[in-house]
Amino acid sequence: MKSLLTSCVSPHASCHYRIESERNMHIEEYTGKVGLDDLRGLASVMAEDPECQESNNRLVDLSGADLELSSDEVLRYALIMRSGKSRPVGWHAFAVKDAAAFSLVRMLSHWARVSDRCRIFSSRDEAERWLEVNSRTAVASVPAAVA
């Protein structure tokens, strides 16, 4: 497991991620007052990390964050998610703490074009369980190579 702590742009936020290769997952955790620059900064660091594979499933824990994003900023971040190595193709699970964060994440998943592989939960435990089930289902449903 690789863990990287990176400082957010805002002095009132904490942002970090870790990669759990054995679970095919990367986990992002945000706390405090998180804005677009914080999200963008962590996305930039992850895009440069050779261990951060786009096929990884993604758990984004926002349950300790107060998202300070306008609709325009959500759209700008979604465009970042859709481009280059920042565009993960695995399952996405978001843990949020309130209805306002739920709405922002729902917009984000729609504009990032990941809504078909994304779910939003009110707890991190629920989000992790959903990712585990879908990871096993995805691996089990892959057809064996025909000889």
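Reader: How many bridges join β3 to strand β4, and do they run parallel or antiparallel?

Author: This is a predicted model, in which local features need pLDDT of at least 70, side-chain atom pairs count only at pLDDT 80 or more, and totals for chains, interfaces and linings use all residues. Residues are numbered from 1 along each chain as its sequence is written, and side-chain values use heavy atoms, without hydrogens and water. Strands (E, at least two residues) and helices (H or I, at least four) are DSSP runs numbered from the N terminus, and two strands pair if DSSP finds at least two bridges between them. Strand β4 covers residues 57-68, and its bridges with β3 number 10, the direction being parallel.

Reader: Through which helix does the chain cross from β3 to β4?

Author: This β-α-β crossover is right-handed: with the strands pointing away from the viewer, the path from the first strand over the helix to the second runs clockwise. The helix spans residues 36-48 and is α1.

Reader: Which residue of β3 is the bridge partner of serine 14?

Author: Strand β2 (residues 13-20) is joined to β3 by 8 bridges, and the two run antiparallel. They form a hairpin with 4 residues between them, where asparagine 24 has a positive phi of about 55°. The partner of serine 14 is threonine 31.

Reader: Why is strand β3 largely enclosed by the rest of the structure?

Author: Buried means under 20% relative accessible area, with a 1.4 Å probe and protein chains only. Strand β3 (residues 25-35) is largely enclosed because, of its 11 residues, the number buried is 8.

Key
Buried < 20%, exposed > 50% of the residue type's maximum accessible area, 1.4 Å probe, protein only.
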